[in-house]
2 protein chains.
Amino acid sequence: MLTLILAESSIELVPNEIAGRSAIQKWAERKKKAPHQLILDQSYHHSAILSLGKSGVGRGRPDIVHFSLLLALGSPLNSDNQLNCFVHTRDDHVITINPRARLPRNTDRFTSLIEQLYQESVVPSSGTPLMKLSKESLKDLLSRISPDDVVALTTAGSPKPMDQVAMGLSHAKRPALLVGGFPVGHFSDQTMKLAPDRFRIDRRSLEAWTVVGRAVYDYEKAIGIGKF
Amino acid sequence: MLTLILAESSIELVPNEIAGRSAIQKWAERKKKAPHQLILDQSYHHSAILSLGKSGVGRGRPDIVHFSLLLALGSPLNSDNQLNCFVHTRDDHVITINPRARLPRNTDRFTSLIEQLYQESVVPSSGTPLMKLSKESLKDLLSRISPDDVVALTTAGSPKPMDQVAMGLSHAKRPALLVGGFPVGHFSDQTMKLAPDRFRIDRRSLEAWTVVGRAVYDYEKAIGIGKF
């Protein structure tokens, strides 16, 4: 059973400092929500995020988590009940994903679902939960699931092809793999410390969803998941 | 150089028979377009598509092409100029993708771009084209690019793991790989005839983007693309 954690993911509510900006206000009106109930989104709040200057870099990308989760949840590994997914956000929330969740295929629909999740802590509001939200640091999440091997994929790690990383993970009983749920930059020092093994799987910088797809696929091969 | 063709993809303009339905009319109003300028979209035209009965199954899924292209274009194979992508649609249009295109990350933004493409045949309207649209059958597209090996991935094919399929493709000079750009069902007989080699890469039915991600990754390994 592999635990996949999208760490420091670019998901957060619109921060107060830009809640008054016109693009945000307009978007809030259109969505019939208050500005502070909106998930920050590069696609619609581009200039507002720019106004944050350097601190805005890489923020507001719920699409990264969305697409990464679609790939992870649609994998044979997940069909065979051997994958567990968590989303850790840059503001220290943790989203626990039901492995049977069928997520919306549309980015905006997914973002709206995350907005509902930040309001109600669980979606859907009745029936089997698909996603749960808690205020939790990455450190606390790792303590809770107590993996016996934690590997982080980062361009700041030592070079190692993904299939070899996966082979290593397959020797653990409860391995956890950290993939950055953000578009640019690096894990914080805090996160780096939580993962003694850090690898770079390509000389190029790859998008999170590409990393997730490759990691899951190689892990399937490493544990010999039956293709036929 | 691998040619990836998303074939019979679920992209089309809203068909006349449902152009008058209220969900479509409303959506057209909101997008300030005529109904027949809209791309059919399950996320917003669900009930209208349902009203098509059996013929509506699997239609209106531009997200499938969107995610598949994001994965393909973001791959090391594409960075190394060894990938060429085409989208063939169920109504016999072909979208030629500039390998350097940076697509929008948001589903609706992508769909709007496709709507513009159906209007203007090329996007953006000035500068280097990112996508071009032509009325063309899959057969004509294949004649035009004249691959020396055509492989289709389909659950109706003979079982063969993707890495072995990729190994086969790597022996060709101009291989073409067909992946269905639709959610359920099979290629038409016409398409099947165009690809003498048809393989099933998993006993489960996989989503198109998963197939694309795995095919590209295995092909990189087969041709020995440098990771470091």
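**Exercise 1. Confidence**

Task: State how confident the predictor is in chain A and in the complex.

Solution. This is a predicted model. Chain A has a mean pLDDT of 97. Of its residues, 100% reach 70 or more. For the complex, the predictor gives an ipTM of 0.97 and a pTM of 0.97.

**Exercise 2. Two strand pairings in chain A**

Task: Find how E3(A) and E4(A) each pair with E5(A), and name a bridge partner in each case.

Solution. 
- Step 1. Take E3(A), residues 93–97, and E5(A), residues 131–135. They pair in the antiparallel sense, over five bridges.
- Step 2. Pick a residue. A:Thr96 has A:Lys132 in E5(A) as its bridge partner.
- Step 3. Turn to E4(A), residues 122–123. Two bridges join E4(A) to E5(A), and these strands run antiparallel.
- Step 4. Pick a residue again. A:Val122 has A:Lys132 as its bridge partner in E5(A).

**Exercise 3. The sheet of chain B**

Task: Work out the strand order in chain B and identify the edge strands.

Solution. 
- Step 1. Read the order: E4-E5-E3-E2-E1-E7-E6-E8. These eight strands form an open sheet with mixed pairing.
- Step 2. Find the edges. E4(B) (122–123) and E8(B) (197–200) each have a single partner strand, so one side of each lacks a neighbour in the sheet.
- Step 3. Check one pair. E6(B), residues 149–159, runs parallel to E7(B), residues 175–180, and five bridges join them. Within E7(B), B:Ala176 stands opposite B:Val150.

**Exercise 4. Helices on the sheet**

Solution. 

**Exercise 5. A helix pair in chain B**

Task: Describe how H7(B) packs against H9(B).

Solution. 
- Step 1. Get the geometry. H7(B) (residues 162–170) and H9(B) (residues 208–223) pack at about 55°, with axes 8 Å apart.
- Step 2. The crossing is right-handed.
- Step 3. List the contacts. H7(B) contributes residues including B:Met162, B:Ala166 and B:Leu169. H9(B) contributes residues including B:Arg214, B:Asp218 and B:Tyr219.
- Step 4. Sort the contact residues. Eight are nonpolar, one is polar and three are charged.

Definitions and conventions: Residues are numbered from 1 along each chain as its sequence is written. Chains are lettered from A and ligands numbered from 1 in the order in which they are written. This is a predicted model: local features need pLDDT of at least 70, side-chain atom pairs count only at pLDDT 80 or more; totals for chains, interfaces and linings use all residues. Side-chain values use heavy atoms; hydrogens and water are left out. pLDDT is the predictor's confidence in each residue, from 0 to 100. Axes are lines fitted to C-alpha atoms, for helices over the stretch in contact, and angles run from 0 to 180 degrees between N-to-C directions. Helices (H or I, at least four residues) and strands (E, at least two) are DSSP runs, numbered from the N terminus. A crossing is left-handed if the near helix is turned anticlockwise from the far one by less than a right angle, and right-handed if clockwise. Contact means heavy atoms within 4.5 Å. Ala, Val, Leu, Ile, Met, Phe, Trp, Tyr, Cys and Pro count as nonpolar, Asp, Glu, Lys and Arg as charged, and the others, Gly among them, as polar. Two strands pair if DSSP finds at least two bridges between them.
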